[in-house]
Amino acid sequence: MARRRYQQGCLFLRGKKRKVWVLRYREGVMLPSGQIERVNRSEVLGSFVDIPTQRNAQRIVESRLRPINENIYRPKTTLTFREFVESQWKSSLYPTFKWSTRRGYDFLLRKYLMPIFGDCGLAEINRQMIQGFVAQMSKNLAPKSVSLAKNCLSKVLSTAVEWGYIQANPATGVRLPTLTIRQERIALTPEQLRQLLADLEEPYKSMVLIATLTGSRRGELFALRWGVLDFERKLIRVRESVYEGHFSTPKTRSSIRSIAMSEFLAAIFMKNRPKDATANDLVFSSRKCTPLQSENILKRIIHPACQRLKLPKVGWHTLRHTSATLLHEHEPLRVAQAILGHSDLQTTLGYTHVLPGWQREAMKRLENVVLFPNVPKSENESEKQDSELIGVPAI
């Protein structure tokens, strides 16, 4: 442990026309190797106009040097943000991240953070700098992108705090832009889904059908192996996920689940199963037995089909929303949550949508309950009574 040093610093006036008080002192810094080295510092305390007496200036000096003299001061690191990320943060934490997480952080660091903070000293980054960065990004990027970049920066800085390189995370308390109204995710109606299925050829038809009926994420769908399909117990055991050819566990603990396999689903799987398939073979794979690229299937097969049929542009997540919506219409929300593999009900509820016609049917049922209780009648009779009630002739 380095011995305690007490210092008063060197205080003097500098300048002729505009005099300023200057403090010189020695401060400990942490080198990249972890060793502590003392360096000379020079700091302008203020102008002679603002601090007219030496006694006032000396009080500022004492306040400035008190943490160092009381031995509660933590030496600042000389590492830059880039050096810390490349030499320490990535090498220590990346092995604990999933491939998709590492790819996301790599993009955010390369695209947004390194150009701004890369050459800044890790200890010199402050809240004002980060708030300015967020404000500048908000002019050209969506709030979600700004939030992701800020969260990545905060993740790096919080690690620096935990490892003793800085005292506090300056990203804490930084305000993010107000979320704007974004385009709402869609869900296909049963009719639209049937149109799409009728237009697709195998195995893409089976992919879309299985994704919709099981509510699987695209990574889970293309990581399915024949060994996780239990045809005796009629279960699909979700145990893996794939992203850009790299396999890992599913997104959350709740995502590791077993989905009931109907007779219809079992028949679809058996229709696509090669005779020489082994338990470790993928259900859907390329000719080289490697995982399929889900984005390529969308661009080359599914999106052109949607364009031909004049349907909304469908993605794999659209099918998952469609599954959640149709399940919620006919089954308890807890059942939908278990099938989709969500950690909480609110997430599942966020995946559900009101399909065209559902509001009209619901309003009709509400009218019947309020206005015509316990009166069985046909649809035409209901319309006639409704019209008479409000004084409008029936059409």
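Is Cys152 buried or exposed, going by its relative accessibility? Cys152 is buried, because its relative accessibility is 1%, and buried here means under 20% relative accessible area, exposed over 50% and partly exposed in between, with a 1.4 Å probe and protein chains only. Here are some further notes on the model.

1. **What you are looking at.** This is a predicted model, in which local features need pLDDT of at least 70 and side-chain atom pairs count only at pLDDT 80 or more, while totals for chains, interfaces and linings use all residues. Residues are numbered from 1 along each chain as its sequence is written, and side-chain values use heavy atoms, with hydrogens and water left out.

2. Cys289 counts as exposed, because its relative accessibility is 61%. A search of the whole structure for disulfides comes back with 0, where a disulfide is a pair of cysteine sulfur atoms within 2.5 Å.

3. **The sheet.** Strands E5, E6 and E9 make an open sheet of 3 strands, in the order E5-E6-E9 and with antiparallel pairing. The edge strands are E5 and E9, each of which pairs on one side only. As for the terms, helices (H or I, at least four residues) and strands (E, at least two) are DSSP runs numbered from the N terminus, and two strands pair if DSSP finds at least two bridges between them.

4. **How E6 meets its partners.** Strand E5 (residues 229-230) runs antiparallel to E6 and is joined to E6 by 2 bridges; Asp230 stands opposite Leu235 in E6. These two strands form a hairpin with 4 residues between them, and Lys234 in the turn has a positive phi of about 55 degrees. With strand E9 (residues 257-260), E6 pairs in the antiparallel sense over 4 bridges. Across that pairing, Arg237 stands opposite Ser258 and Leu235 opposite Ala260.

5. The structure holds 12 aromatic pairs; rings of Phe, Tyr and Trp (its six-membered ring) pair if their centres lie within 6.5 Å, and planes under 30 degrees apart count as stacked, over 60 as edge-to-face and the rest as tilted. The rings of Phe84 and Trp163 have centres 5.9 Å apart and planes at 65 degrees, so this pair is edge-to-face. It links distant parts of the chain, with Phe84 in helix H2 (residues 81-93) and Trp163 in the loop between helix H5 (143-162) and helix H6 (190-199), 79 residues apart. Phe84 is buried, with a relative accessible area of 0%, while Trp163 counts as partly exposed at 34% relative accessibility.

6. **A pair between H2 and H3.** Trp89 and Tyr105 also form an edge-to-face pair, 5.6 Å centre to centre and with 65 degrees between the planes. Trp89 lies in helix H2 and Tyr105 in helix H3 (residues 99-117), 16 residues apart. Both Trp89 and Tyr105 are buried. Ring pairs also link Trp89, Tyr94, Phe97 and Tyr105 into a cluster.

7. **A charge over a ring.** The charged end of Arg225 sits over the ring of Phe247, 4.6 Å from its centre. The criterion is NZ of Lys or CZ of Arg within 6 Å of the ring centre and within 35 degrees of the ring normal.

8. **Two sides of H6.** Leu193, Leu196 and Leu197 are the buried residues of H6. They cover an arc of only 100 degrees around the axis, which puts them on the same side of H6; the arc is that of the directions from the helix axis to the C-beta atoms. Arg194 and Ala198 are exposed on the other side of H6. The cover over the buried residues of H6 includes H7 and helix H10 (294-309).

9. **Ser206.** Helix H7 (residues 204-214) holds Ser206, which is buried with a relative accessible area of 1%. Leaving aside residues up to four places away in sequence, Ser206 touches Ile268, Lys271, Asn272 and Phe284, where contact means heavy atoms within 4.5 Å.

10. **Leu79.** Leu79 is found in the loop between strand E4 (76-77) and H2, and counts as buried at 2% relative accessibility. Leu79 and Asp119 are 40 residues apart in sequence and 9.3 Å apart in space, C-alpha to C-alpha.
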